[in-house]
Structure formats: structure tokens, C-alpha cells
Amino acid sequence: MRTLDGVSDKRFSSLTPKSKAALVRLMCEPSRCLMPHEVAIAADLSYEEAFELFIGLGIVGAVSLYILLYHMCSEAPVDKIPITQGIPRFGYCCPNCGLEVENTDVLELDLEATVLTPIAWR
Ligand SMILES: [Zn+2]
């Protein structure tokens, strides 16, 4: 199994050793899906810090990032889009209820990360 060794980046400099150890545990299983709130709790971070961390982990290639879309028709996400595709534009059709979404303000967004490779910290 490939490990992303020696991750040492300014983006991660504020993480405590305890947070880094929690991340190594969370990311030991390739293909595992992680949500920012779950990482925030496990690694003792705020939601915003976990969100930023996801972006950093995506940039270094440790995870694939997806945008989860929530619509008023469901408690569960109605769509999962690779972050590289960006947020849907006008005329987006909700795959759950079929409603055309004129204004993307009615959609709630979250991130999901799929682990590509375990990490080790420098
Ligand atoms: Zn819908």
C-alpha cells in the first residue's frame, strides 16, 4: 500500500500532534469516505478547520474531494459531484425530486473526502 510520506506543508502547520495522529488513524483505510464534521470531532478541530484541511489534503493528493448537495426535498444528499466540476449552475435539476433549481442558494453544500492514500507526517 502506497503511503503519502513526509507531508509537510504550511497548510498543515497549525495541526497539533494529537490532531495529526487522529488523521493518520482516520486515513489508514483507502477508499474510506470522510466528512468534515467527523474529522473535526476526531481530530479536535473546528468545522472550518476541518474544511480547510480537506482542501489541503485534496491539493497534496491524499484524498479525492466531492461536493455533496442537499436540497429541501431530502435530509440526505441528493447529489455528489467531483469538486473539479464545481458548483452546479442555473437550470440544475435535482436528481431526487426533479425540480429545476433556478437559484443555487436553495442548495446546501458540504464536502466529502475519499481517502486515496494513507498519510505520514514529517
Ligand atoms: Zn430535490
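Residues are numbered from 1 along each chain as its sequence is written. Because the model is predicted, local features require pLDDT of at least 70 and side-chain atom pairs count only at pLDDT 80 or more, whereas totals for chains, interfaces and linings use all residues.

The protein contains three helices and eight strands, where helices (H or I, at least four residues) and strands (E, at least two) are DSSP runs numbered from the N terminus. Read from the N terminus, the order of elements is β-α-β-α-α-β-β-β-β-β-β. The C-alpha trace spans about 50 × 25 × 25 Å along its principal axes. Of the 122 residues, 18% are buried; a residue is buried if 20 or more other C-beta atoms lie within 10 Å of its own, exposed if 12 or fewer, and partly exposed in between, with C-beta atoms placed from the backbone. Among contacts with a separation of 6 or more, 60% join residues 24 or more positions apart, two residues being in contact if their C-beta atoms, placed from the backbone, lie within 7 Å.

Two packed helices are described by the angle between their axes and the distance between the axes. Here axes are lines fitted to C-alpha atoms, for helices over the stretch in contact, and angles run from 0 to 180 degrees between N-to-C directions. Angles under 35 degrees count as roughly parallel, over 145 as roughly antiparallel, 65 to 115 as roughly perpendicular and the rest as oblique. The axes of helix α1 (residues 17–26) and α2 come within 8 Å and cross at roughly 130 degrees, so α1 is oblique to α2. This crossing of α1 and α2 is right-handed, a crossing being left-handed if the near helix is turned anticlockwise from the far one by less than a right angle, and right-handed if clockwise. Helix α1 contributes S19, A22, L23 and L26 to the contact, and α2 contributes V39, A42 and A43. By class, these residues of α1 and α2 comprise six nonpolar, one polar and no charged; Ala, Val, Leu, Ile, Met, Phe, Trp, Tyr, Cys and Pro count as nonpolar, Asp, Glu, Lys and Arg as charged, and the others, Gly among them, as polar.

Helix α2 (residues 36–43) also packs against helix α3 (residues 47–59), at an angle of about 110 degrees and with the axes 8 Å apart. The two helices α2 and α3 are therefore roughly perpendicular to each other. The contact involves P36, H37, V39 and A40 of α2 together with Y47, E49, A50, F51, L53 and F54 of α3. Its residues divide into eight nonpolar, one polar and one charged.

Within α2, the buried residues are P36, V39 and A43. They lie on the same side of α2, because they cover an arc of only 65 degrees around the axis, the arc being that of the directions from the helix axis to the C-beta atoms. The elements covering these buried residues include α1, β2 (33–34), α3 and β7 (108–115).

Two non-glycine residues with positive phi were identified in loops. S31, with phi of about 80 degrees, is found between α1 and β2 and is exposed, with 8 other C-beta atoms within 10 Å.
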